[in-house]
Amino acid sequence: MKTIACDVAIIGAGSAGLAAHRAAVGAEAKTILIEAGPGGTTCARVGCMPSKLLLAAARGARDMRAAAAFGVHGKPRIDGRAVMARVQSERDHFVAAVLKDVAAIPAREKISGHARFTGPTTLTVDDRSLVEARAIVIASGARPAVPPELAQACGERVLTHETVFDLADLPSSLAVIGAGPLGLELAIAFARLGVVTSVFDPKHAVGGTRDPKVRAKVRETLGREIDFHVGVSIQAERNRAGDVAVRWTDETGQKGRRLYQYVLDAAGRPPALDNLDLNMAGLDLDPHGVPLFDPETMRCGKSAVFIAGDADNARPVLHEAARQGALAGTNAAGYPKIERRPRGVDLAVVFTDPDIAFVGEPFDPDKNSERAIGCSDSDGRARVDGRDAGVLRAWAQRADSVIVGGELFGPDVEHLAQLLAWVIQLKMTVSAVLDLPFYHPTMEESLRTCLRDLRGKLG
Ligand SMILES: Cc1cc2nc3c(=O)[nH]c(=O)nc-3n(C[C@H](O)[C@H](O)[C@H](O)COP(=O)(O)OP(=O)(O)OC[C@H]3O[C@@H](n4cnc5c(N)ncnc54)[C@H](O)[C@@H]3O)c2cc1C
């Protein structure tokens with residue numbers, strides 16, 4: 001077996017691993033990047049970008065239908081093959097851009113193969129190479145986990161986000177399992193593109209919502225386009241014709257059954273840590289098998305191992321993978337010198353259009369006495385555009401009127417969430433934000449309405 005000595009070894013060339021590599025090389029560490037798969041990142045190949053491409057097509061169809069409200073008539077004719085062909089060709093463009101960057105990394109700095117720990121700072125790669133590092137960054141991402149009974153019962157009719165974007169044509173019908181952000185985005189996209197779509201989830205937290213007002217509005221609004229079954233147990237099996245029969249039972253015992261061409265498993269993406277032989281690294285793990293780590297350094301306990309991106313099971317979004325990767329790479333290169341950086345404000349968006357967004361501290365009913373909550377559910381610009389205003393909720397500390405969080409649902413709230421994240425990170429009070437300019441007529445005015453309501457509640 002070939003032995004390679006380096007300062008920093010990075011497991012995974014996804015968004016977190018590439019950011020770690022850039023930071024470590026920038027700090028002049030001898031760095032090895034190890035990638036088991038085809039590369040190109042989850043974001044570009046099977047995540048953010050293909051899902052947004054599908055949603056962009058869906059928006060076209062939705063806008064054509066909605067135009068009738070303005071007296072502009074026309075019916076969309078959806079060419080499923082053309083829809084999927086554009087998703088795939090644009091996705092390939094994004095993947096190629098990543099692969100070009102990876103190709104520019106000198107050959108001595110990268111290894112293709114599957115890495116496993118053999119000790120606290122040693123790895124084997126496909127049992128061909130032994131990597132001895134001063135520090136290691138785990139950036140192995142997450143992957144779908146199809147329950148074995150579903151895979152066995154439905155075979156190739158079970159899709160995940162790793163396979164759905166490769167379909168040559170739109171399916172005729174789809175049962176999406178999981179009403180979280182991933183499932184909801186794909187369900188709404190397919191539904192708008194004319195696919196008969198149902199969403200099943202044993203829980204009630206559609207799109208990851210916690211605030212009851214936001215959750216109810218999401219259910220009501222998106223429920224006009226998708227057939228929701230939340231709080232249900234489900235069973236799926238293939239019939240003789242090859243279709244998938246889904247049976248469900250709700251909490252009152254009411255049962256249902258429907259046939260679908262495919263099932264899309266979107267019920268979660270656990271960190272890809274199960275085949276790293278983490279036990280050899282001697283790290284302390286949480287009950288889910290994820291190494292305990294400090295989010296301000298990305299260091300796992302007192303070890304020379306750092307973790308970043310979806311692998312750490314915290315904030316599984318792209319900008320976090322990049323930020324955490326850069327910090328992990330810097331600290332791995334500088335080890336044992338460790339730099340501490342604040343985590344920044346939590347920010348996540350579900351692009352269901354109206355979008356759902358989560359900013360800062362989450363809704364927490366136990367904190368209702370120490371916080372005031374502002375609300376807005378009407379917006380002039382949304383009305384002009386013939387769109388549902390949704391509902392915006394933001395909260396501030398009663399003690400000092402500083403805004404600490406919000407949950408938003410409405411048109412273009414991706415932009416409002418971004419603004420809210422910045423003012424929260426700047427620790428601004430409600431009044432200070434209300435002193436800033438708000439142009440008319442824009443969706444931003446609905447954020448102002450929400451904050452005015454919040455100021456009133458603060459007294
Ligand atoms: C459908 C979908 C839509 C999404 N949409 C958004 C969005 O709109 N906005 C947003 O911010 N986020 C979105 N995300 C989340 C975002 O894509 C992820 O947070 C981000 O890609 C995580 O990057 P990563 O580097 O942690 O993982 P990855 O990019 O998955 O990289 C991990 C890499 O590690 C490699 N690897 C694993 N194990 C080993 C091993 N043992 N040895 C060697 N290599 C290994 C893998 O092959 C992989 O290449 C979406 C995700 C999905 C699935």
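Between which two strands does the loop that holds Met298 lie? Point 4 takes this up. The model discussed here is predicted.

1. Overall make-up. The chain has 12 helices and 20 strands. Its radius of gyration is 24 Å, close to the 23 Å given by the globule rule for 459 residues, so the chain is as compact as a globular protein of that length. Along the principal axes, the C-alpha trace spans about 70 × 65 × 45 Å.

2. Burial, surface and contacts. Of the 459 residues, 50% count as buried. The accessible surface of the chain is about 21200 Å², and carbon and sulfur atoms account for 53% of that area. Taking contacts between residues at least 6 apart in sequence, 64% join residues at least 24 apart.

3. Helices α1 and α8. Helix α1 (residues 15-26) packs with helix α8 (residues 318-334) at an angle of about 35°, and the two axes are 7 Å apart. The crossing of α1 past α8 is right-handed. On the α1 side, the contact is made by Ser15, Ala16, Ala19, Ala20, Ala23 and Ala24. On the α8 side, the residues are Leu318, Ala321, Ala322, Gly325, Ala326, Gly329, Thr330 and Ala333. By class, the residues of this contact are 10 nonpolar and 4 polar, with no charged ones.

4. Met298. To return to the opening question, Met298 sits in the loop between β14 (262-265) and β15 (305-307). Its phi is near 70°, which is a positive value in a residue other than glycine. Is Met298 buried or exposed? With a relative accessibility of 1%, Met298 counts as buried, because the cut-off for that class is under 20%.

5. Ser401. This residue also calls for a check of the backbone. Ser401 is not a glycine, yet its phi is positive, at about 65°. Ser401 belongs to the loop between β19 (391-397) and β20 (403-410). Its relative accessibility is 23%, so Ser401 counts as partly exposed.

6. Cis bond at Pro354. The peptide bond joining Asp353 and Pro354 is cis, with omega of about 5°. Pro354 is placed in the loop between β16 (347-350) and β17 (355-360).

7. Cis bond at Pro441. From His440 to Pro441 the peptide bond is cis, and omega is near -10°. The loop that holds Pro441 runs between helices α11 (430-434) and α12 (444-458).

Methods
Residues numbered from 1 in each chain as written. Predicted model: local features only at pLDDT ≥ 70, side-chain atom pairs only at ≥ 80, totals over all residues. Heavy atoms only, no water. Axes fitted to C-alpha atoms, helices over the stretch in contact; angles between N-to-C directions. Helix = DSSP H or I, 4+ residues; strand = E, 2+ residues; numbered from the N terminus. Left-handed = near helix turned anticlockwise from the far one by under 90°. Contact = heavy atoms within 4.5 Å. Nonpolar A, V, L, I, M, F, W, Y, C, P; charged D, E, K, R; others polar. Rg over C-alpha atoms; globule rule 2.2 N^0.38 Å. Buried < 20%, exposed > 50% of the residue type's maximum accessible area, 1.4 Å probe, protein only. Areas by Shrake-Rupley, 256 points an atom, 1.4 Å probe, with all protein chains shown as cover.
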